[in-house]
Amino acid sequence: MNVSDKGNKNPISHFILMGFPSSPQIQLLYFGVFSATYTLTLMGNTAIACAVRADRRLHTPMYIFLGNFSLLEICYVTTTVPNMLANFLSTTKSISFVSCFAQFYFFFSFGCDEGFYLCIMAFDRYLAICRPLHYPCFMTRQLCTGLVVFGWTIGLILFITPVVLISYLPYCGPNVINHFVCDPVPLMMLSCSEVTTIQSIYSTFNAFFMIGTFLFILCSYALVILAVLRMPSAASKRTCASHLAVVSFFYGSLMMMYVSPGSEHPVEVQKIITLFYSVITPLCNPLIYSLRNKEMQAALRKVFGTQICKCKCIKILHHN
């Protein structure tokens, strides 16, 4: 995979992820904070996925998409946070060449999938609210299944080309990445060859993806909002507000970072922005989708209330 192994006298076999340089005590504090954040993220998104799976009332396209989005969030956050936690306790902070590019591939592929899932969810809300009479005819089981599969696979397909192009750049040293994730921008900066063309291709790819999907979502929700304002129902308004909050968090931070990767963001600002969309947003999404959604709240109480009752019964039987 690494062409530098063939063409350079001093090839790179691993990278050093600096993360958040600080004293060992602060590193332990970071480890505790991000461990708790990661655990809560897994619990929140797993709870939503389980509620959608267990409650038949939620077996509708909107909640099926939401359940898959929650599973996608789990995959997305798992590509970076476990390695970041290990680095907090490590003195070497190294990651192999293959592992680094595998992280790059899956992190950005799942991130791309999230963008398309937000488009799918916006499209679903547009059909349900703006075309309610035609909704059952349009959103068939076959289309719903196709959209679910499309949402999971499109990012994995699209990001093959950028990863291959950047991995085939020659890397002669240094090998220190001042980041906590194998981000393509600092990776390209470490290459010992001219990367202007590849950087332009990557920037164009990001611009088309982010601006295209964002405009699709924006147009869909503009039409939805116009329709909702004429409705007496508060449920549709709550759903739209939740979706728009997630879109704002996700796209706001992404566009600051990747639409123009050549822009001079300070390194610490880059880390904070990446931390926001890779760790904080997946933590907040379950809260955003469940706090203002009565159906989801009822499903969560039903699923986990049943589990608590089962545990209590088992304990009583065990004691008897």
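Predicted model: local features only at pLDDT ≥ 70, side-chain atom pairs only at ≥ 80, totals over all residues.
## Ground rules

Buried means under 20% relative accessible area, exposed means over 50%, and partly exposed is anything in between, using a 1.4 Å probe and protein chains only.

Residues are numbered from 1 along each chain as its sequence is written, and side-chain values use heavy atoms, with hydrogens and water left out.

## Disulfides

How many disulfides does the structure hold? There are 2, a disulfide being a pair of cysteine sulfur atoms within 2.5 Å. Counting bonded cysteines along the chain, the pattern is 1-3, 2-4.

Cys100 and Cys182 are joined with an S to S distance of 2.0 Å, and at -125° about the S-S bond this link is left-handed. The pair connects distant parts of the chain, 82 residues apart: Cys100 sits in helix H5 (residues 97-130), and Cys182 in the loop between strand E3 (176-177) and helix H9 (184-190). Helices here are DSSP runs of H or I with at least four residues, strands are runs of E with at least two, and both are numbered from the N terminus. Both Cys100 and Cys182 are buried.

The other bond joins Cys172 to Cys192, S to S 1.9 Å, and with 55° about the S-S bond it is right-handed.

## Aromatic pairs

A search of the whole structure turns up 23 aromatic pairs. Rings of Phe, Tyr and Trp (its six-membered ring) pair if their centres lie within 6.5 Å; planes under 30 degrees apart count as stacked, over 60 as edge-to-face, and the rest as tilted.

Why does the pair of Phe20 and Phe180 count as stacked? Their ring centres are 5.4 Å apart and the planes are at 20°, so the pair is stacked. Phe20 is in the loop between strand E1 (14-17) and H2, and Phe180 in the loop between E3 and H9, so the pair ties together parts 160 residues apart in sequence. Phe20 is buried, at 12% relative accessible area, and so is Phe180, at 2%.

Tyr76 and Phe107 are also stacked, because their centres are 5.0 Å apart and their planes are at 5°. Tyr76 belongs to helix H3 (residues 61-78) and Phe107 to helix H5, so here the parts tied together are 31 residues apart in sequence. Tyr76 is buried at 2% relative accessibility, and Phe107 is buried at 1%. Ring pairs link both residues into a cluster with others, including Phe15, Phe104, Tyr171 and Tyr277.

## Salt bridges and a lysine over a ring

The structure holds 3 salt bridges, each a side-chain nitrogen of Lys or Arg within 4 Å of a carboxyl oxygen of Asp or Glu. Arg57 pairs with Asp55, the closest N and O atoms being 2.9 Å apart; Asp55 is buried at 1% relative accessibility. Arg125 and Asp124 meet at 2.8 Å, N to O, with Arg125 buried at 10% and Asp124 at 1%.

Lys271 bridges to Glu268 at 3.5 Å, N to O. Both lie in helix H12 (residues 267-291), 3 residues apart, about one turn of the helix. Lys271 is buried at 0% relative accessible area, whereas Glu268 is partly exposed at 44%. Lys271 also lies over the face of Phe20, 5.7 Å from the ring centre; the cut-offs for this are NZ of Lys or CZ of Arg within 6 Å of the ring centre and within 35 degrees of the ring normal.

Most residues other than glycine have a negative phi. Lys93 has a positive phi of about 55° although it is not a glycine. Lys93 is found in the loop between helix H4 (81-89) and strand E2 (94-96), and is buried, with a relative accessible area of 16%.
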